[in-house]
Amino acid sequence: MALFRITVKDSRSINGVRIEKGMTVEVARGNNSATPTDVFGTTDGKKMVADAFMVKYGIDVVKANAINRIYMDIVKI
């Protein structure tokens with residue numbers, strides 16, 4: 001199982017959703033050879049990230065269209 005840490009790069013308000021620099025969530029992918037592209041590049045991966053931000057911070061990063069490398073850093077742990 002691969003574990004990824006996703007961190008917001010900069011504070012900003014997008015489509016009425018406020019994200020703050022340093023907000024961090026962790027998500028796990030099923031196979032050990034998963035890459036950051038598997039998280040941001042798939043519908044399931046984006047849903048996992050969105051769910052993690054909703055649970056931890058109560059924000060909708062899908063509405064903000066912020067699940068991408070422009071707004072977030074992703075690191076395999």
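User: Leaving aside neighbours within four places in sequence, which residues is Arg 29 in contact with?

Analyst: Counting contact as heavy atoms within 4.5 Å, Arg 29 touches Met 1, Ala 2, Phe 4, Ala 34, Asp 38, Val 39, Thr 42, Asp 44, Gly 45 and Met 48. This is a predicted model, where local features need pLDDT of at least 70 and side-chain atom pairs count only at pLDDT 80 or more, while totals for chains, interfaces and linings use all residues. Residues are numbered from 1 along each chain as its sequence is written, and side-chain values use heavy atoms, with hydrogens and water left out.

User: Is Arg 29 buried or exposed?

Analyst: Arg 29 is buried, that is, under 20% relative accessible area with a 1.4 Å probe, protein chains only.

User: And what is the nearest side chain of opposite charge?

Analyst: Asp 44, 5.4 Å away. Arg 29 has no salt bridge, which would take a side-chain nitrogen of Lys or Arg within 4 Å of a carboxyl oxygen of Asp or Glu.

User: Which strand is Arg 29 in?

Analyst: Strand β4, residues 24-29. Strands are DSSP runs of E, at least two residues, and helices are runs of H or I, at least four, numbered from the N terminus.

User: Changing topic, how many helices and strands are there?

Analyst: The chain has 2 helices and 5 strands, in the order β-β-β-β-α-α-β from the N terminus.

User: How much of the chain is buried?

Analyst: Of its 77 residues, 38% count as buried.

User: What box do the C-alpha atoms fill?

Analyst: Roughly 35 × 20 × 20 Å, along the principal axes.

Conventions. Buried means under 20% relative accessible area, exposed over 50%, partly exposed in between (1.4 Å probe, protein chains only). Lys and Arg count as positive and Asp and Glu as negative; His and the chain ends are not counted.
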